[in-house]
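Student: I would like to learn how to read a model of this kind feature by feature. Could we take one residue or element at a time, with the general idea before the case?

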Amino acid sequence: MKKSMKRSQKGFTLIELMIVVAIIGILAAVALPAYQDYTVRARVTEGLSLASGAKTSVAENAAVGAADLSAGWTAPTATAGVSGVAINGANGEITITFTASAGNGTIVMVPTSGGSALASGTAAPNSIVWSCSGGTLVAKFRPSSCRASGT
(Lines give C-alpha, C1' and ligand atoms only; values in the text may rest on other atoms or scores of the structure.)
Protein backbone atom coordinates (compact mmCIF):
# COMPACT_ATOMS: atom_id res chain seq x y z
CA MET A 1 0.00 0.00 0.00
CA LYS A 2 1.11 3.41 -0.84
CA LYS A 3 0.63 6.09 1.73
CA SER A 4 -0.17 9.52 0.46
CA MET A 5 1.29 12.29 2.49
CA LYS A 6 -0.45 15.61 2.63
CA ARG A 7 1.49 18.59 3.70
CA SER A 8 -0.42 21.19 5.58
CA GLN A 9 0.75 24.74 5.48
CA LYS A 10 1.66 26.26 8.82
CA GLY A 11 2.45 29.91 9.48
CA PHE A 12 2.51 32.90 7.16
CA THR A 13 4.26 33.35 3.87
CA LEU A 14 6.86 36.05 3.44
CA ILE A 15 4.60 38.19 1.27
CA GLU A 16 1.83 38.10 3.88
CA LEU A 17 4.25 39.26 6.57
CA MET A 18 5.55 42.04 4.32
CA ILE A 19 2.01 43.28 3.67
CA VAL A 20 1.27 43.40 7.41
CA VAL A 21 4.49 45.31 8.10
CA ALA A 22 3.68 47.79 5.30
CA ILE A 23 0.18 48.41 6.68
CA ILE A 24 1.55 49.01 10.19
CA GLY A 25 4.16 51.40 8.77
CA ILE A 26 1.52 53.43 6.93
CA LEU A 27 -0.68 53.63 10.02
CA ALA A 28 2.29 54.76 12.14
CA ALA A 29 3.25 57.42 9.58
CA VAL A 30 -0.25 58.91 9.83
CA ALA A 31 -0.78 58.49 13.58
CA LEU A 32 2.51 59.88 14.88
CA PRO A 33 2.15 63.45 13.53
CA ALA A 34 -1.48 63.53 14.66
CA TYR A 35 -0.43 62.47 18.16
CA GLN A 36 2.31 65.12 18.28
CA ASP A 37 -0.18 67.85 17.27
CA TYR A 38 -2.57 66.58 19.93
CA THR A 39 0.04 66.90 22.69
CA VAL A 40 0.88 70.47 21.59
CA ARG A 41 -2.82 71.38 21.65
CA ALA A 42 -3.10 69.97 25.18
CA ARG A 43 -0.27 72.29 26.29
CA VAL A 44 -2.02 75.24 24.63
CA THR A 45 -5.16 74.40 26.59
CA GLU A 46 -3.04 74.51 29.75
CA GLY A 47 -2.09 78.10 28.87
CA LEU A 48 -5.72 79.11 28.41
CA SER A 49 -6.48 77.56 31.78
CA LEU A 50 -3.68 79.55 33.42
CA ALA A 51 -5.15 82.72 31.88
CA SER A 52 -8.57 82.18 33.47
CA GLY A 53 -7.43 83.88 36.68
CA ALA A 54 -6.23 86.85 34.65
CA LYS A 55 -9.60 87.07 32.90
CA THR A 56 -11.36 87.17 36.25
CA SER A 57 -9.05 89.92 37.52
CA VAL A 58 -9.58 92.04 34.39
CA ALA A 59 -13.36 91.58 34.60
CA GLU A 60 -13.48 92.57 38.28
CA ASN A 61 -11.29 95.63 37.72
CA ALA A 62 -13.27 96.69 34.64
CA ALA A 63 -16.55 96.39 36.54
CA VAL A 64 -15.44 98.99 39.08
CA GLY A 65 -13.53 101.19 36.61
CA ALA A 66 -10.12 100.58 38.19
CA ALA A 67 -7.17 102.66 36.98
CA ASP A 68 -5.14 99.46 36.41
CA LEU A 69 -6.99 96.50 34.89
CA SER A 70 -4.29 94.11 36.17
CA ALA A 71 -4.54 95.26 39.81
CA GLY A 72 -4.47 92.45 42.36
CA TRP A 73 -3.35 89.79 39.89
CA THR A 74 -0.26 87.66 40.31
CA ALA A 75 1.23 85.91 37.27
CA PRO A 76 1.38 82.10 37.50
CA THR A 77 4.73 80.33 37.49
CA ALA A 78 6.04 79.05 34.17
CA THR A 79 5.33 75.46 33.17
CA ALA A 80 6.76 73.13 30.54
CA GLY A 81 4.33 74.51 27.96
CA VAL A 82 3.71 78.08 29.10
CA SER A 83 6.55 80.53 29.69
CA GLY A 84 4.34 83.36 30.88
CA VAL A 85 0.96 85.08 31.18
CA ALA A 86 0.81 88.89 31.23
CA ILE A 87 -1.95 91.51 31.46
CA ASN A 88 -1.80 94.93 29.82
CA GLY A 89 -3.07 97.18 32.63
CA ALA A 90 -4.32 99.86 30.22
CA ASN A 91 -6.66 97.80 28.03
CA GLY A 92 -6.91 94.40 29.76
CA GLU A 93 -5.36 92.37 26.95
CA ILE A 94 -3.89 89.09 28.16
CA THR A 95 -0.87 87.65 26.38
CA ILE A 96 -0.08 83.95 26.87
CA THR A 97 3.44 83.03 25.74
CA PHE A 98 4.09 79.37 24.91
CA THR A 99 7.37 77.44 24.94
CA ALA A 100 8.75 75.49 21.98
CA SER A 101 7.03 72.32 23.21
CA ALA A 102 3.67 74.10 22.94
CA GLY A 103 4.00 75.71 19.52
CA ASN A 104 6.43 78.54 20.37
CA GLY A 105 4.01 81.43 19.91
CA THR A 106 1.53 83.65 21.68
CA ILE A 107 -2.23 83.99 22.05
CA VAL A 108 -3.55 87.47 22.79
CA MET A 109 -6.93 87.57 24.48
CA VAL A 110 -8.72 90.87 23.83
CA PRO A 111 -11.65 91.94 26.04
CA THR A 112 -14.48 94.13 24.74
CA SER A 113 -17.61 95.46 26.38
CA GLY A 114 -20.53 96.79 24.41
CA GLY A 115 -18.50 96.41 21.20
CA SER A 116 -15.71 98.69 22.46
CA ALA A 117 -12.28 97.91 23.85
CA LEU A 118 -11.83 98.20 27.59
CA ALA A 119 -10.02 101.23 28.98
CA SER A 120 -8.52 101.61 32.42
CA GLY A 121 -10.38 104.04 34.66
CA THR A 122 -13.68 103.48 32.84
CA ALA A 123 -16.28 101.01 34.06
CA ALA A 124 -17.36 98.40 31.53
CA PRO A 125 -20.92 99.25 30.38
CA ASN A 126 -21.90 95.65 29.53
CA SER A 127 -20.65 92.14 30.02
CA ILE A 128 -17.14 91.39 28.77
CA VAL A 129 -16.62 89.34 25.61
CA TRP A 130 -13.20 87.78 24.97
CA SER A 131 -11.57 87.26 21.58
CA CYS A 132 -8.52 85.00 21.41
CA SER A 133 -7.72 85.00 17.69
CA GLY A 134 -4.73 87.35 18.05
CA GLY A 135 -1.11 86.38 18.56
CA THR A 136 1.50 84.36 16.71
CA LEU A 137 0.55 80.77 17.57
CA VAL A 138 -0.11 78.61 14.50
CA ALA A 139 -3.83 78.05 13.86
CA LYS A 140 -3.63 74.25 13.93
CA PHE A 141 -2.53 74.37 17.59
CA ARG A 142 -5.29 76.75 18.72
CA PRO A 143 -8.69 75.69 20.02
CA SER A 144 -11.32 76.14 17.31
CA SER A 145 -12.82 79.14 19.12
CA CYS A 146 -9.42 80.92 18.95
CA ARG A 147 -8.79 80.57 15.25
CA ALA A 148 -9.09 83.63 13.06
CA SER A 149 -12.00 83.48 10.66
CA GLY A 150 -11.13 81.90 7.36
CA THR A 151 -8.47 79.54 8.74
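Student: Where does Arg142 lie in the chain?

Tutor: The model is a predicted one, and in it Arg142 belongs to the segment that follows β5 (128–134).

Student: How far away is the nearest side chain of opposite charge to Arg142?

Tutor: For a charged residue one looks at burial and at partners together. Arg142 is buried and yet has no salt bridge, since the nearest side chain of opposite charge, that of Glu93, is 12 Å away.

Student: Which backbone oxygen does the side chain of Arg142 reach, and which residues is Arg142 in contact with?

Tutor: The side chain of Arg142 reaches the backbone oxygen of Cys146 at 3.2 Å. Beyond its neighbours within four places in sequence, Arg142 is in contact with residues including Arg41, Thr106, Ile107, Cys132, Ser133 and Arg147.

Student: How many residues does the largest nonpolar core have, and which have the most contacts inside it?

Tutor: For a core, one asks for its members and then for the elements that supply them. The largest nonpolar core has 23 residues, and those with the most contacts inside it are Val85, Ile94, Ile96, Phe98, Ile107 and Met109. The elements that give two or more residues to this core are the helices α1 (14–50) and α2 (52–64) together with the strands β1 (82–87), β2 (94–98) and β3 (106–113).

Student: Where is Ala51 found, and is Ala51 buried or exposed?

Tutor: Ala51 sits in the loop between α1 and α2, and Ala51 counts as buried because its relative accessibility is 0%, where the limit for that class is under 20%.

Student: Which residues does Ser57 touch, and why does Ser57 count as buried?

Tutor: Ser57 is part of helix α2, and Ser57 counts as buried because its relative accessibility is 8%. Its contacts, leaving out residues up to four places away in sequence, are with Leu69, Ser70, Ala71, Gly72 and Trp73.

Student: How many salt bridges does the structure hold, and which parts of the chain does the pair link?

Tutor: The structure holds one salt bridge. Asp37 in helix α1 and Lys140 in the segment after β5 are 103 residues apart, so the pair links distant parts of the chain. Their side chains meet at 3.9 Å, N to O. Asp37 counts as partly exposed because its relative accessibility is 27%, and Lys140 counts as partly exposed because its value is 46%.

Student: What is the phi of Asn104, and where is Asn104 found?

Tutor: The general idea comes before the case: most residues other than glycine have a negative phi. Asn104 has a phi near 55 degrees, a positive value in a residue other than glycine. Asn104 is found in the loop between β2 and β3, and Asn104 counts as exposed because its relative accessibility is 56%.

Student: Which polar contacts does the side chain of Ser101 make?

Tutor: Ser101 has its place in the loop between β2 and β3 and counts as partly exposed because its relative accessibility is 30%. A polar atom of the side chain of Ser101 lies 3.0 Å from the backbone oxygen of Ala80, while a polar contact of 3.1 Å joins the side chains of Ser101 and Thr99. Not counting residues up to four places away in sequence, Ser101 touches Val40, Arg43, Ala80 and Gly81.

Student: What pattern does the chain follow along the sequence, and what is its radius of gyration?

Tutor: The chain has two helices and five strands, in the pattern α-α-β-β-β-β-β. For overall form, one sets the radius of gyration beside the value for a globule. The chain has 27 Å, whereas a compact globule of 151 residues would have a radius of gyration near 15 Å. Along the principal axes, the C-alpha atoms fill a box of roughly 110 × 30 × 25 Å, and 27% of the 151 residues count as buried.

Definitions and conventions. Residues are numbered from 1 along each chain as its sequence is written. This is a predicted model: local features need pLDDT of at least 70, side-chain atom pairs count only at pLDDT 80 or more; totals for chains, interfaces and linings use all residues. Side-chain values use heavy atoms; hydrogens and water are left out. A nonpolar core is a set of buried Ala, Val, Leu, Ile, Met, Phe, Trp, Tyr and Cys residues joined through side-chain atoms within 4.5 Å. Buried means under 20% relative accessible area, exposed over 50%, partly exposed in between (1.4 Å probe, protein chains only). Helices (H or I, at least four residues) and strands (E, at least two) are DSSP runs, numbered from the N terminus. Lys and Arg count as positive and Asp and Glu as negative; His and the chain ends are not counted. A salt bridge is a side-chain nitrogen of Lys or Arg within 4 Å of a carboxyl oxygen of Asp or Glu. A polar contact is a pair of N or O atoms within 3.5 Å; within protein, one must be able to donate a hydrogen and the other to accept it, and residues adjacent in sequence count only if both atoms are side-chain atoms. Contact means heavy atoms within 4.5 Å. The radius of gyration is taken over C-alpha atoms; the globule rule is 2.2 Å times the number of residues to the power 0.38.
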